[in-house]
Amino acid sequence: MEEIVNKVANSVLEVFDLEDYYPKGIRAQIDISGWLLDGFLLKEKDFREHLKNHNWAQYQGQYVAINCGTDAIVPAWASILVAIQLAPFATKIINGNQEDLEASLYEELLSKIDYSVYENKPVIIKGCSKKPVPMRAYVLAAHYLQPFARSIMYGEACSAVPLFKASKK
């Protein structure tokens, strides 16, 4: 019987796994609709009172998304005021949902990577993830890899979808 050889492990294919860059830390979301009258109407005095009585320290060191879970039309200053209350405690604050928060974290991280290590190499952007990697992160990774990689694929080595192949110079 012949020895089983892992051709993928022995290939020059570079795997770019976004999960490797997943920032550790607690994520939180603040839905301001709970501080609105019937979830829809912002009464400034009541809203400010809710902010004053809220335990902001619970967000110490966390990544926080601020949003409104209803279709209420909320003035811009409301989210800004929440962000100001959070600032002394949270590590990062964004206006949006959990996916927006993840995308923002990845945008920051991916912009700092040295992609030159992928110069003229075939790269596969790993598709499966146990962590919440947003689609925006995959798109951004491809954008950053393209100037360097000889080719870019998506998925797993056994079933990759070709996305890009550099023209021969």
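**Entry 1: α3 and α4**

I began with the crossing of α3 and α4, which is right-handed; a crossing counts as right-handed if the near helix is turned clockwise from the far one by less than a right angle, and left-handed if anticlockwise. This is a predicted model, where local features need pLDDT of at least 70, side-chain atom pairs count only at pLDDT 80 or more, and totals for chains, interfaces and linings use all residues. Residues are numbered from 1 along each chain as its sequence is written, and side-chain values use heavy atoms, with hydrogens and water left out.

Helix α3 covers residues 98-110, and its axis lies 8 Å from that of α4, at an angle of about 20 degrees. Axes here are lines fitted to C-alpha atoms, for helices over the stretch in contact, with angles from 0 to 180 degrees between N-to-C directions. Helices (H or I, at least four residues) and strands (E, at least two) are DSSP runs, numbered from the N terminus. So α3 and α4 are roughly parallel; that label takes angles under 35 degrees, while over 145 is roughly antiparallel, 65 to 115 roughly perpendicular and the rest oblique.

Next I looked up who touches whom, with contact meaning heavy atoms within 4.5 Å. From α3 I noted E99, D100, A103, Y106, E107 and L110, and from α4 M135, R136, A137, L140, A141 and Y144. By class, that gives eight nonpolar, no polar and four charged residues. For the classes, Ala, Val, Leu, Ile, Met, Phe, Trp, Tyr, Cys and Pro are nonpolar, Asp, Glu, Lys and Arg are charged, and the others, Gly among them, are polar.

**Entry 2: α1 and α2**

I then turned to α1 (residues 44-53) and α2 (residues 76-86), whose axes come within 11 Å and cross at roughly 20 degrees. That angle makes α1 roughly parallel to α2. Their crossing is right-handed. The contact uses E44, F47, R48 and L51 of α1 with W77, A78, L81, V82 and Q85 of α2. I sorted the contact of α1 with α2 into six nonpolar, one polar and two charged residues.

**Entry 3: the parallel sheet**

In what order do the three strands of the open parallel sheet stand? I read β2-β3-β4. Strands pair if DSSP finds at least two bridges between them. β2 and β4 (92-95) are the edges with a single partner strand each, so one side of each has no neighbour in the sheet. Neighbouring strands are turned by 20 degrees on average, direction ignored. Four bridges hold the parallel pairing of β3 and β4, and V64 stands opposite I93 in β4.

Two helices lie across β2, β3 and β4: α2 runs at about 160 degrees to β3, and α3 at about 135 degrees to β2.

**Entry 4: the mixed sheet**

I also found an open sheet of four strands, ordered β1-β5-β6-β7, with mixed pairing. β1 (14-16) and β7 (161-165) are its edge strands, each pairing on one side only. Strand β6 (residues 151-155) runs antiparallel to β7, joined by four bridges, and M153 stands opposite P162 in β7. Helix α4 (residues 135-145) packs on this sheet, touching β1, β5 (122-126) and β6, with its direction at about 170 degrees to that of β5.

W35 sits in the loop between β2 (27-31) and α1, and W56 in the loop between α1 and β3 (63-67), 21 residues apart.
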